[in-house]
Number of protein chains: 2
Amino acid sequence: MGPVARDLSAIVGAEHVLTGAATRDHVTDATVSRGVRGSTDAVVLPGSAAEAAAVLGWCYEHDVALVPRGGGTGLAGGAVPAEGQVVCGLERLGRVIAFEPERWRAHVEAGVTTGTIHRLARENGLMFPPDPGAAEQSQIGGNIATDAGGPHALKYGATGAWVTGLEVAIAPGELIRVGGPATKDVAGYDLLHLLVGSEGTLGLVTAAWLRMIPAPEVALPVVAFYPTVAAGCAAVDAAFSFGLHPAALDFVDGRAFAAAAGAYPGTPPDGAGLVLLVEIDGPREDVERQRTELYEALGPGSSRLDEPPPADLWRWRDGLSGAAVAVRGGKVSEDIAVPVEHLAEAIDEVRAIAGRHGLEGCSWGHAGDGVLHGTFLLDSSRQEQLAAADEAARELFDLAVRLGGTVTGEHGIGLLKRGALARQWPEPALALHRQIKALFDPKGLLNPGKKVA
Amino acid sequence: MGPVARDLSAIVGAEHVLTGAATRDHVTDATVSRGVRGSTDAVVLPGSAAEAAAVLGWCYEHDVALVPRGGGTGLAGGAVPAEGQVVCGLERLGRVIAFEPERWRAHVEAGVTTGTIHRLARENGLMFPPDPGAAEQSQIGGNIATDAGGPHALKYGATGAWVTGLEVAIAPGELIRVGGPATKDVAGYDLLHLLVGSEGTLGLVTAAWLRMIPAPEVALPVVAFYPTVAAGCAAVDAAFSFGLHPAALDFVDGRAFAAAAGAYPGTPPDGAGLVLLVEIDGPREDVERQRTELYEALGPGSSRLDEPPPADLWRWRDGLSGAAVAVRGGKVSEDIAVPVEHLAEAIDEVRAIAGRHGLEGCSWGHAGDGVLHGTFLLDSSRQEQLAAADEAARELFDLAVRLGGTVTGEHGIGLLKRGALARQWPEPALALHRQIKALFDPKGLLNPGKKVA
């Protein structure tokens, strides 16, 4: 045990510090499918917010960088450590501190899984709407650090919209609370939402106050198949202009659908250019009425409309990423977002860009929000394919910016998109960004190399 | 015309710079009812975002403080200038740059009134939910600067939840854009929401991208009268636990109701301890079903339930503040917020605090969000009453903090609550607050004396 691990053991107990081969599960996230792998001297697992703050304090005192880590399901390498950096895993902070269903709120530690929060809500007639993928592994602290979205963010907003308070360890090692259980507070600058989505570069979230709402009586997904991207995107437009308010409006392009067709909860059609997954929710009679309108909106140009069970459909949807990896053993996927009117162009361009780099491209995402997981299928053991995909990803970022969108709609900048913010923000805004980082983290020890160029 | 006005005239044209007596309408806001009145050397009215940035640039070059001003309906003195400060009125930035109902979005200049945005939405089957008071006077730029709420924020969130992009003039005189028409973007720190609610102390909002949603088919308000505060607050609890999701859940205490009873759209009862204004909305059949449940929730302990026309009810509700002023010619009102379980205690305490200071107290607010406009009725020409009310307000802040709430739920810190943030934030968070101010406004010229102690 080296001196770092020894000192950290004094804070959290030796059994909660991992070193050597035992760190293996804490040095990668979902970007392992594109060959990203980190390394660390020590993984420290605090058992309380106070221990987490003490760990940060020790790191600040000894100039050691700290990489906060939730469930490790990130898609931008935000939790991947570099040599000499300590990983702080939040999994032991797994306590539901308070759950008050009659007040529609919960107070939870950062390591509680998203799935646990969904279940707590559901079992009490409530809904916690944010639904990023991998709910059983991903943790609320990580969801907050990335402002995680998901299909239902279209109607309900991303994670940040459901957080009313945060407990955060900040440099040089103090615990602060911003907000709390009260839903409205405009006394100070909105530090809460500045911390949400900051990817562990400004502070370490240790606990959160969450709000919930009564669950809709019924959720009804409709899957619509279209022969072409253009026909499918025309149906997206129609869904908006019919005055419907879908809870989710996702798309899967033909190639991505084909990769996952075997697991589709229903009989997959022979071929499709674009598939829409639309969910309407609300009281039963209203969903019946919306269903009629939805069929009118989605019907024209479609080859088939399906109604799979909601849980099956969204489980299948959650497996798309894995299915894409399975095609060739790896993938490079980037979650650009564009104003929704440019969705068709962006979907077509992903495949065209891939083609120019000798790769196969596909995409899926949240059509209603213009979020597009542009994906290049590859063998991650072949360096030339990874290099080609990195080039292709850069073209994808150019595309997003050219269409007035963003290089990341929901996964974050992480390690992999480092520097990409400069493509879309003017220099004075970038300067503020850098200065905010310096203000919260003057020594640059909080998840260095992530988010900020 | 002094040198300041002359220089500013060169930027915006002499006819758009007001001096002397012509500044009269630009030196007060709604706090005039408690005797607050400012003064200014010059009011400058830029006609474009570029002119606004140039005004800020001139101020920064010449070390002159700038007070941004929207519709002047603020309740915390946030737009009240002090001698030597220039007021920048945004009323000429009144253009709807783009409105795309089929995409549920609008791009508007900062001076567009909230009422205009509501009408645009409504006439196209949409809803822009934030509904702070005085919609015909208040401007979207001011709503953004204060993160203005309103009764319907309970279900739909405050202004910030409906803003996807901002154009902002920042020091030392540049225009930046954060966000835009796309709904999802996690590339940078959330500067957008840092600016929302910053009360013009970090930058000058010149335009915004707003999102909207399909309007609910029906909105049905139910007014319930209770003999006591306790009975009314028990009904608030019941409304939550019945699994209803009211769009609004406001309260008016007996004294405040009596002040406005003459204008109530219906036959006012002889006396009431607490009145609840609850609105349910949605598709027609569902509202009928909710109505039954709502009557079950609100009925026990009530003396009467009314269903006034929604527009009439909310117009009446908007007039409560004026009705309270009319009792004695003035009032001091502070919008504390508390976790909703402490609402009854807070309502009772407002009257008790008032009594201890020889004043009459009353309150109304957003029960569901725990927001309480604690009000002391007074004659604003009598200094001893104003002084007593200031003392009473300080006790109100102590109460809010003691109950785990905030000194301001929606009106902001402004001039009047300056320094009050220190009551509820720990020193490390206050330090971050001060440093963020210094980062955006190193010379301290943006609305000095507001928000930051």
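Where is Pro172(B) found in chain B? The legends below concern a predicted model, and the first of them takes up this question.

Figure 1. Pro172(B) is found in the loop that runs between strand 8 (163-170) and strand 9 of chain B. Pro172(A) belongs to the loop between strand 8 (163-170) and strand 9 (174-179) of chain A.

**Figure 2. The relation between chain B and chain A.** Chain B is superposed on chain A by a rotation of 180°, with 0.0 Å of shift along the axis and an RMSD of 0.0 Å. This is the relation of a two-fold axis. Of the interface residues of chain B, 100% are also interface residues in chain A, so the copies meet through the same surface.

**Figure 3. The interface of chain B and chain A.** In this interface, 75 residues of chain B are in contact with 75 residues of chain A. The two chains bury an area of about 6,100 Å² between them, and carbon and sulfur atoms give 64% of that area. Lys184(B), Val186(B) and Tyr189(B) supply 16% of the area that chain B buries against chain A, which is more than any other three residues. Across the interface, the rule finds 22 residue pairs in polar contact, with both residues at pLDDT 80 or more.

**Figure 4. Elements of chain B on the side that touches chain A.** At least two residues each are supplied to this side by strand 9 (174-179), helix 6 (191-195), strand 11 (213-214), helix 7 (229-241), helix 9 (284-298) and helix 14 (427-440) of chain B. Helix 14 of chain B provides the largest share, 9 residues. By residue class, the side of chain B that touches chain A holds 35 nonpolar, 21 polar and 19 charged residues.

Figure 5. The rule finds 8 salt bridges across the interface of chain B and chain A, and the count over all chains comes to 61. Arg103(A) lies in the loop between strand 5 (96-100) and strand 6 (105-109) of chain A, while Asp237(B) lies in helix 7 of chain B, so the pair joins two chains. Asp237(B) has a relative accessibility of 32% and counts as partly exposed.

**Figure 6. The salt bridge of Arg315(B) and Asp312(B) in helix 10 of chain B.** The side chains of Arg315(B) and Asp312(B) form a salt bridge at 3.4 Å, N to O. Both residues are in helix 10 (residues 310-318) of chain B; because they are 3 residues apart, about one helical turn separates them. Arg315(B) is exposed, its relative accessible area being 56%. Asp312(B), at 30%, is partly exposed.

**Figure 7. The salt bridge of Glu391(B) and Arg394(B) in helix 13 of chain B.** The closest N and O atoms of Glu391(B) and Arg394(B) are 2.9 Å apart in this salt bridge. The two residues lie in helix 13 (residues 383-402) of chain B, with a spacing of 3 residues, about one turn of the helix. Glu391(B) is partly exposed at 38% relative accessibility, and Arg394(B) is partly exposed at 39%. In chain A, salt bridges with shared partners join Arg34(A), Glu334(A), Asp335(A), Asp390(A) and Lys417(A) into one network.

**Figure 8. Positive phi at Trp104(A) and Lys451(B).** Trp104(A) is not a glycine, although its phi is positive at about 60°. This residue is placed in the loop between strand 5 and strand 6 of chain A. Is Trp104(A) buried or exposed? With a relative accessibility of 9%, Trp104(A) counts as buried. Lys451(B), also not a glycine, has a positive phi of about 65°. Lys451(B) lies in the segment after helix 14 of chain B. At 2% relative accessibility, Lys451(B) counts as buried.

Key
Residues are numbered from 1 along each chain as its sequence is written. Chains are lettered from A and ligands numbered from 1 in the order in which they are written. This is a predicted model: local features need pLDDT of at least 70, side-chain atom pairs count only at pLDDT 80 or more; totals for chains, interfaces and linings use all residues. Side-chain values use heavy atoms; hydrogens and water are left out. Contact means heavy atoms within 4.5 Å. Buried area is the accessible area (1.4 Å probe) that two parts lose on being put together, summed over both. A salt bridge is a side-chain nitrogen of Lys or Arg within 4 Å of a carboxyl oxygen of Asp or Glu. A polar contact is a pair of N or O atoms within 3.5 Å; within protein, one must be able to donate a hydrogen and the other to accept it, and residues adjacent in sequence count only if both atoms are side-chain atoms. Helices (H or I, at least four residues) and strands (E, at least two) are DSSP runs, numbered from the N terminus. Ala, Val, Leu, Ile, Met, Phe, Trp, Tyr, Cys and Pro count as nonpolar, Asp, Glu, Lys and Arg as charged, and the others, Gly among them, as polar. Copies are superposed by least squares on the C-alpha atoms of residues with pLDDT of at least 70 in both. Buried means under 20% relative accessible area, exposed over 50%, partly exposed in between (1.4 Å probe, protein chains only).
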